[in-house]
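Colleague: I have a structure to read and some questions about it. Can we take them one at a time?

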Amino acid sequence: MEFFFDIFQNTIDQFTNPKKRVFVLYLFLSILIAALWLIFYKKKSLLQSIKFIFNPKVFFSKSATSDYKVFFINQIIMLLISPHLLTQITIATALYFFFFEINFIDMGLFASTPKYIIISLFTFTHFIVDDFSKYIVHRWMHRWPFLWALHKVHHSATNLTPMTVFRTHPLEGLVFTLRSAFAQGVTISTFVYLFGGGVDLYTILGANLFVFLFNVFGSNLRHSHIGIRYWKWLEYILISPAQHHLHHSIAKEHYNKNYGAALAIWDWLFGSLHHSEDTDNLTLGLGTKDDQKKHSLKELYLIPFYESFKFLKRFFLKLFFIRKIKKNKSEIYYKKSPQ
Amino acid sequence: MKKLNLKTKLLTSLTCISFGLTGLANAGAHSEDVYGPFPVTLKGYSGDCTNTVSYSGQIARHVQHDSLKYLSTKGDYDEMNAYYSGSDKNKQIWAPGSKDGFPIKQTLLNDISSGKNLSGKTYKGTITAWPENMTAPEVIDFWMMKAADNPKDVSVGLNYQQLLSKFIMGAVFYNQAVDNYLDEKMGADSKPNDKPYKDGACYTGKEHSWDEAFGYWGAAAHSLLLSAEDNYNIAKKKDLAAADYNGDGVVDLKSEYVFAHAYYASSFDKGGKTSYLEDITRAFLDGRKLITSANGEKLSDAQRSELMAYVDVINENWQKVIAESVFKYAGSTYKSLVALESVGNADLAKEFDKYMKYWGELKGFSMALQVGKENIGETATKLNRMIGFGPMLLDETQITGIKGMMGSDGKYITSEYEMGKIYSMNDAKLHMLKIQKLMIDQFGVEARANDMLADMSDLASKIGTSESAEND
């Protein structure tokens, strides 16, 4: 009984907690931004805009309904496994202890820094480190076949809705949780070690100031059918919703582009940036012949396990095989050597 | 209007009923929640005893410990030893003594119980936390000799008053209670409930064994009627009203005072995160009621297993109280180590004095943790290695051993300073943090006074969970 209550509470929390992406206020602001975009940029009437935003073909599509299912199922799975996962505190403590052993960096080296600077620096660093680690892990998700097998679940969405953010394989959820724990653990331990007890976070409604701003300015439109584009110069810094839509496009020229979450800087730096285009005629999904068949729970939960394992096995076999070749080569070398 | 009236009436009558019930419950709780008196259940007893609760011997030992602690800074070995090993004379109670607004009934040890000592009840195993394979009585004797010479030895950083007090609480009270009275003496064939504890006694074997363990715990008989704060204030001699249960205007050490680990439990509980004092004292009371309910018959297997469940509660929580103390003083020692790095010459002596005190408390409690019923094995090894035999001194040297024969008044051997050596002041700080983590991981301490890693956990909870199954 308590378990069901926890599921219920966690589900409600996603919509009522300002630290979460689909907090109702953020959803509402995304709708508002979408309406303004449609009215002033796309020159639609208010009624047309509303009809476009709440298009039932999008929200009741096969793709969207499978998003909702995955959302609920993952709530249950995460509730079961989260107590067993590595936490940011474990990582932070281990790193903090490690810093003590580095004798040339003294604890509290910068403890005399004015408090507002420490807090600003921590708030900013936490956001940057978190965003950068998201970029890196996302890139891996696309580059490593055994991770791509999992990440495909997210990309199998043929319609994007704010709930697509939850369209994630549970194993991928594990990877993301580790990423988050690691990013937080590094920032927290480094700051507390160097700046002492004055470290704090600037928050609005309990969320990191920058995370709050990211969400207020329409983060939910990244997964939507509203292709808002920014000015070109801004798309070097921040990823526009349209840029993320391209990331979901099946067109070859859009492959492996725009991995960034909030910041586009990482894509720019590492050569994966693609500026936005008009997204009205974009096809989303994996680009296979049977994309519409990828919305079943079997495809979303079971197949990825099998595929990921297959690639992982292949990877290790390759590793082992190459070693064997190297070993044989060295044996040959020894045979040839004068000794 | 009519409806409202009815509602008001209903509310009024409900309030009256609930007040009445609360009153009744309070009246009931008043006697139900006090440890004793308990009636005679022993079959065939014909004396005039009416209350079988008796633990004055334990209270005498608490007082001997408190008095020894007081005397440990006065430089007189024989006087200290008279309280540790006992004396034929009716000795004065040095502590706890009366103070303004807090008069204590007893002034002489024999007013409580005569012929008692601490040495005979001290844990006899080897103490690996101290050099030279000494037994606990030997360690205590060694410290008393050192204390008589110099109670606060700045040259090695030892505060003998703290070492003696914190270790004796473990090696006598904790050890006797959990490893003797609540262990062997709760066995089916040991001290049976259908026989007197000793010839002529009005209490049974089990009744008295249980009472003795309660006595060592140190709570007042009426502790359960009071808040943690009240209990704490009794031990601090600040609240006569809370202490004086029978209302005779004086505090009876035999039943109205809070001693030793019960006091430490109250100090943690008043923070609101834990309820050690209540949980342990309640388990003692419920266990005693269970024994009484056997009505002088041998305890059945079912009764004994029920009793052992109370023992488990007591053991686990008592160990936690000591672990909380280790946690707390590891934090204070850490703070002192940080302060010592930046303190000016004018305040150096004062800060170093604090450092010695905190380290002494840490060492004493950590040694106490090792003399319970459970062999804490690897945890003990870690604690002993990280704490050492003496605190890290300002020249980055520390005690590594003792010269001379076992138990003799030997001189300390200290490490020599080496440039670039691995063990430094920074490592000493790190050890304190690791000790705090060890207490969390091994014993699940919750009060966590002086938590030096709290900054990180506070930040982490502010940021929010790292759990995420979301694709940004």
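Colleague: What percentage of the 339 residues in chain A do buried residues make up?
Modeller: This is a predicted model, where local features need pLDDT of at least 70, side-chain atom pairs count only at pLDDT 80 or more, and totals for chains, interfaces and linings use all residues. Residues are numbered from 1 along each chain as its sequence is written, chains are lettered from A and ligands numbered from 1 in the order in which they are written. A residue is buried if 20 or more other C-beta atoms, placed from the backbone, lie within 10 Å of its own, exposed if 12 or fewer, and partly exposed in between. In chain A, the buried share of the 339 residues is 37%.

Colleague: How many helices and strands does chain A have?
Modeller: Both are DSSP runs numbered from the N terminus: helices are H or I with at least four residues, strands are E with at least two. The C-alpha atoms of chain A fill a box of roughly 85 × 60 × 55 Å, taken along the principal axes. Chain A has 13 helices and two strands.

Colleague: Is A:Ser133 buried or exposed, or partly exposed?
Modeller: A:Ser133 lies in helix α7 of chain A. Around A:Ser133 there are 19 other C-beta atoms within 10 Å, so its class is partly exposed.

Colleague: Which residues is A:Ser133 in contact with, leaving aside its neighbours within four places in sequence?
Modeller: Two residues are in contact if their C-beta atoms, placed from the backbone, lie within 7 Å. A:Phe5 is 128 residues from A:Ser133 in sequence and 33 Å away in space, C-alpha to C-alpha. With those neighbours left aside, the contacts of A:Ser133 are A:Arg179, A:Phe182 and A:Ala183.

Colleague: Which helix gives the most to the side of chain A that touches chain B?
Modeller: Across the two chains, 37 residues of chain A are in contact with 23 residues of chain B. On the chain A side, α5 (62-81), α6 (88-100), α7 (115-143) and α9 (170-195) each supply at least two residues. The most, 10 residues, comes from α9(A).

Colleague: How are α5(B) and α6(B) directed, roughly parallel or roughly antiparallel to each other?
Modeller: Their axes come within 8 Å and cross at roughly 155°. Axes are lines fitted to C-alpha atoms over the stretch in contact, with angles from 0 to 180 degrees between N-to-C directions. Angles under 35 degrees count as roughly parallel, over 145 as roughly antiparallel, 65 to 115 as roughly perpendicular and the rest as oblique. So α5(B) and α6(B) are roughly antiparallel.

Colleague: How many nonpolar residues does the contact of α11(B) with α12(B) have?
Modeller: The axes of α11(B) and α12(B) come within 8 Å and cross at roughly 155°. These two helices are therefore roughly antiparallel to each other. Residues making the contact include B:Tyr329 of α11(B) and B:Trp359 of α12(B). By class there are three charged residues, five polar and, as the number asked for, 15 nonpolar.

Methods:
Ala, Val, Leu, Ile, Met, Phe, Trp, Tyr, Cys and Pro count as nonpolar, Asp, Glu, Lys and Arg as charged, and the others, Gly among them, as polar.
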